[in-house]
Protein chains: 2
Amino acid sequence: MALLFVSAHDHAPDWVAELTAQLPGIEVRVWPSGHRDVRVWPEGLGDPAEIDTALVWKPPAGLLASLPNLKVIFSLGAGVDALLADPTLPGLPLVRMVEPGLTEGMTEYVCLHVLRWHRDAPLFEARQRAGVWRQLTHQHLARERRVGILGLGALGGDAALALKALRFDVAGWSRSPKHLEGIATYHGAEGLGPFLARTDILVCLLPLTPETEDILDAGLFAQLPRGAVVINAARGRHLVEEDLLAALDSGQLAGATLDVFRTEPLPASHPFWSHPKVTVTPHVAAITQARTAVEQVVDGLKRLAAGRPLVNLVDRARGY
Amino acid sequence: MALLFVSAHDHAPDWVAELTAQLPGIEVRVWPSGHRDVRVWPEGLGDPAEIDTALVWKPPAGLLASLPNLKVIFSLGAGVDALLADPTLPGLPLVRMVEPGLTEGMTEYVCLHVLRWHRDAPLFEARQRAGVWRQLTHQHLARERRVGILGLGALGGDAALALKALRFDVAGWSRSPKHLEGIATYHGAEGLGPFLARTDILVCLLPLTPETEDILDAGLFAQLPRGAVVINAARGRHLVEEDLLAALDSGQLAGATLDVFRTEPLPASHPFWSHPKVTVTPHVAAITQARTAVEQVVDGLKRLAAGRPLVNLVDRARGY
């Protein structure tokens, strides 16, 4: 039997090397075979009936349904919204990626961009380009800055604790109640308003589900204090882009950092690229790390073989 | 008796308000009297013989020597190099500013700029300006990035622990031996080489003394791994500017963030302003906070009145 690796976004040889190192004797097939640098590896699917395990990021719709003996699907990403959007997705165990490398990378990104707005770095970057030296007589401290995390799963929870260690005044919101040491937590529809009212810098780390799609809209922005900042490192479809532009232009929002977009790559003509209040990064907030991620796959395969329950199994009704 | 406040860099009314709130009945004099917004306050020195306490940032040479009944000098900044450069400085107790607001502001600045280089933010900022979307297939984690702090006093020690909490691989160097939980520490002349050899991102938080002036020079840069980054948030005179430019141009250094300069404001014609590998901020890394700083002054005055030893007293032979 064989493992099928599918991703146009990752460097396949790194993954094949990790998989064969950590799962000696496994046959890894890389699809599509035309992927750069992978021509030395077995090309393409081969006999689909021989594939029992899939490790995938955005496989084409229908591909997984064409594998008659597939037993388990591992997502290369934390979000499985793209997989669940495939109506032919087989009803097999689906495991989302929760691995320390991805979590740590996301926490670094969130801390960097929260600090960047907290300390007015975009302003100082613009002043450097203009050659302007202007000092401050007052500075807000992190303990005076209220950060709010939307989503308190593996990613949101870790980011919240790191921001707390940086002395920010941190709260979090999630669908169901959560407890995190030192973090004020809110939940459900009734908790969202109070959470937003006390948030100067909002960070979205939600899973994308029918309930969370378009959550970052004009109605939500209006509930933030005037001059708040929004950071979206989750999914492009959480954000109503026109509403963000209007809130920036009216001054309701002072800035935004966006790593994800409704269309990626972000089209060259998109107003975000040159908007003075928007920082664009090209979906690089956190990258799944081959070594630690393959450890999760190995653990999952051992659990399956032993009949033990899988961890990070997706609840399809919930969407994550 | 009266307290004299001297600073052209701070908003004097905030300080007068804090001093009168925390020291009821004290007479505060602000010098120079022409300072913006302070004309409502007692103007100028008045009778110099009535001043027994000074709270100062860069007073003109000779001013403090003209106060016959001065008993103690509090510096508004952590570094007292400018005060000690005045040959007429009276031989009175001199207290440097160690207060939580200043420490926290510096730690925020250091974490921001270490994360910024760690995550290639200057590259992504330039790509946004060019409208270029380019993703990554690999990302170094903070735990794989070696940060080194020069100076492990109140500022360096706090920054080191915060970087450690962000999972960086942190080491520190100081003149005399120090112990910090989870931080590899080096000291003295013989410890500097091994410390530099393991440092990818170097942060200077040293006091400026005859021993540390010009410490950031070609010889030091050559001991860092090729492609290292330097962050200077201490004093401009720690850095040999031509040596930094040469190390950036040769590729020995990949980047620098500078908050302090030999001449401030940084002259309009200075090459740092437009250098693609240099981030310039206008001496804003950390600002002494009036409320918490005045608490330190109050504590010092109580100690003097009770004949107890002052804390953060400057050792003039050592220079800090």
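The legends below describe close-up views of a predicted model.

**View 1. The open sheet of chain A.**
Five strands of chain A make up an open sheet, and their order is β2-β1-β3-β4-β5. The pairing in this sheet is parallel. Strands β2 and β5 (94-95) of chain A lie at the edges, each pairing on one side only. Strands of a sheet pair through backbone hydrogen bonds, either parallel or antiparallel.

**View 2. Strand β1 of chain A and its burial.**
Is strand β1 (residues 2-6) of chain A largely enclosed or open? Of its 5 residues, 5 are buried, so the strand is largely enclosed by the rest of the structure. "Buried" here means under 20% relative accessible area. In a regular strand the side chains alternate between the two faces of the sheet. On one side of β1(A) are Ala2(A), Leu4(A) and Val6(A), and on the other are Leu3(A) and Phe5(A). These residues are all buried, and both faces of the strand are covered.

**View 3. The two neighbours of β1(A).**
Strand β3 (residues 51-56) of chain A pairs with β1(A) in the parallel sense, over 5 bridges. Within this pairing, Phe5(A) has Leu55(A) as its bridge partner in β3(A). Strand β2 (residues 27-31) of chain A also runs parallel to β1(A), and 5 bridges join the two. Leu4(A) has Arg29(A) as its bridge partner in β2(A), and Val6(A) stands opposite Trp31(A). Between β1(A) and β2(A) the chain passes through helix α1 (residues 12-22) of chain A, making a right-handed β-α-β crossover.

**View 4. Leu55 in the nonpolar core.**
Which residues touch the most other members of the largest nonpolar core? They are Leu55(A) and Leu55(B), in a core of 110 residues. Leaving aside residues up to four places away in sequence, the residues that Leu55(B) touches include Leu3(B), Leu4(B), Phe5(B) and Val6(B). Also among them are Trp15(B), Leu19(B), Phe74(B), Met97(B) and Val297(B). In soluble globular proteins, nonpolar side chains tend to be buried together.

**View 5. The two domains of chain A.**
The domain assignment divides chain A into domain 1 (2-99 + 288-306) and domain 2 (100-280). The centres of domain 1 and domain 2 of chain A, taken over C-alpha atoms, are 32 Å apart. Where these domains meet, 11 residues of domain 1 are in contact with 8 residues of domain 2. Together the two domains of chain A bury about 760 Å² between them, with 57% of it on carbon and sulfur atoms.

Key: Residues numbered from 1 in each chain as written. Chains lettered and ligands numbered in written order. Predicted model: local features only at pLDDT ≥ 70, side-chain atom pairs only at ≥ 80, totals over all residues. Heavy atoms only, no water. Buried < 20%, exposed > 50% of the residue type's maximum accessible area, 1.4 Å probe, protein only. Helix = DSSP H or I, 4+ residues; strand = E, 2+ residues; numbered from the N terminus. Pairing = 2+ DSSP bridges. Right-handed = clockwise from strand over helix to strand, strands pointing away. Core = buried A, V, L, I, M, F, W, Y, C linked by side-chain atoms within 4.5 Å. Contact = heavy atoms within 4.5 Å. Domains from an automatic or database assignment. Buried area = accessible area lost by both parts, 1.4 Å probe.
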